[in-house]
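Hi,

Here is the structure I promised to pass on. Have a look at it first, and then read my notes below.

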Amino acid sequence: MSSVRTESPAVRRLLISIALLYLVLFIFLPLFIVFSTALEKGFSYYFHSLADTDTIAAIQLTLLTAAITVPLNLVFGIAASWAVAKFDFRGKNFLLTLIDLPLSVSPVISGFIFVLLFGLQGIFGPWLRDHNIRIIFAPTAIILATIFVTFPMVARELIPVMKAQGNDEEEAALTLGAGGWKTFWHITLPNIKWGLLYGVIICNARAMGEFGAVSVVSGHIRGLTNTLPLQIEILYNEYSFTAAFAAASLLAFLALITLVVKSLVELKNEH
């Protein structure tokens, strides 16, 4: 048996040191600065900053956007991945390209697309104005923009999972007399549950932290169209650094929770 070549201890230590240095500089140090700056005036000021009316409104809008975006992308992700993985049809590659489109387009450009469609000078602008319907510079535009930038998340996680599962179990269930919905609930869904949960977690994290597309379509109206990332920017630009970092710490805390849940899902999936 030929010996397996491995790096020398010095090389391993060097690679580990580089990885740790990268983590310290770009993850742990920024997180430390966020939380330490948020708490530099004490817990009383910290909670007072989070209780600000505009910040509360931004948190509520962020949660509302995620609550609408994630279920819609969940339905789309299941439908799109099922179609791509289980069937062969004309235009399949084009569908895959469309699913990947938001990943290759700048979020700012995505926001401008909605302005060109629904703004006052946009394609549908005159009709919307005549019917007193407001989309741009309203929560509706924020939700639409967030759906656009996040809709690949669930689908891209499920497509390889469904392809790996194959069609044998579903075909066997259908042969034994199970209907389409029964087959989905008892065969397909249990097989994709971990990939589905992973996609939902990633989609939710992106929905809560989206800035570029939301910034273009929101109008930055305090208490109405500011999500939490936009509220952080406004507070920072007004030199309310502690309040800005307090809001940022909340967003960072949500990101850490998402990371922990993601790791637990991956660990459970491995077993």
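Let me start with helix α8, and with what lies over it. The buried residues of α8 have a cover that includes α3 (53-86), α4 (92-104), α7 (139-150) and α10 (180-209). By "buried" I mean under 20% relative accessible area, with exposed being over 50% and partly exposed in between (1.4 Å probe, protein chains only). Helices here (H or I, at least four residues) and strands (E, at least two) are DSSP runs, numbered from the N terminus.

Before going on, a word on where this comes from. This is a predicted model, in which local features need pLDDT of at least 70 and side-chain atom pairs count only at pLDDT 80 or more, while totals for chains, interfaces and linings use all residues. Residues are numbered from 1 along each chain as its sequence is written, and side-chain values use heavy atoms, with hydrogens and water left out.

Back to α8 itself. This helix covers residues 152-165, 14 residues in all, and reaches 20 Å from its first C-alpha to its last, close to the 20 Å expected at 1.5 Å a residue. (The expected span is 1.5 Å times one less than the number of residues.) The buried residues in α8 are Pro-152, Met-153, Val-154, Ala-155, Leu-158, Ile-159 and Met-162. Just after the helix comes Gly-166, with a positive phi of about 75 degrees.

Leaving aside residues up to four places away in sequence, Ala-155 touches Gly-77, Ala-80, Ser-81 and Ile-99, where a contact means heavy atoms within 4.5 Å. Val-200 is 45 residues from Ala-155 along the chain, and their C-alpha atoms are separated by 9.8 Å.

Leu-98 belongs to helix α4 and is partly exposed, at a relative accessible area of 37%.

Next, some backbone angles. Most residues other than glycine have a negative phi. Which phi does Phe-137 have, positive or negative? Phe-137 has a positive phi of about 60 degrees, although it is not a glycine. You will find Phe-137 in the loop between α6 (125-130) and α7, and its 38% relative accessibility makes it partly exposed. His-220 is not a glycine either, and has a positive phi of about 55 degrees. That residue is in the loop between α11 (212-218) and α12 (228-237); at 29% relative accessibility, His-220 is partly exposed.

Finally, the chain as a whole. The protein chain has 13 helices and zero strands. Its C-alpha atoms fill a box of roughly 70 × 65 × 30 Å along the principal axes. Of the 271 residues in the chain, 37% are buried. Among contacts between residues at least 6 apart in sequence, 72% join residues at least 24 apart. The accessible surface comes to about 16100 Å², and 68% of it belongs to carbon and sulfur atoms; the areas are from the Shrake-Rupley method with a 1.4 Å probe, and for residues only the protein chains shown count as cover.

Cheers
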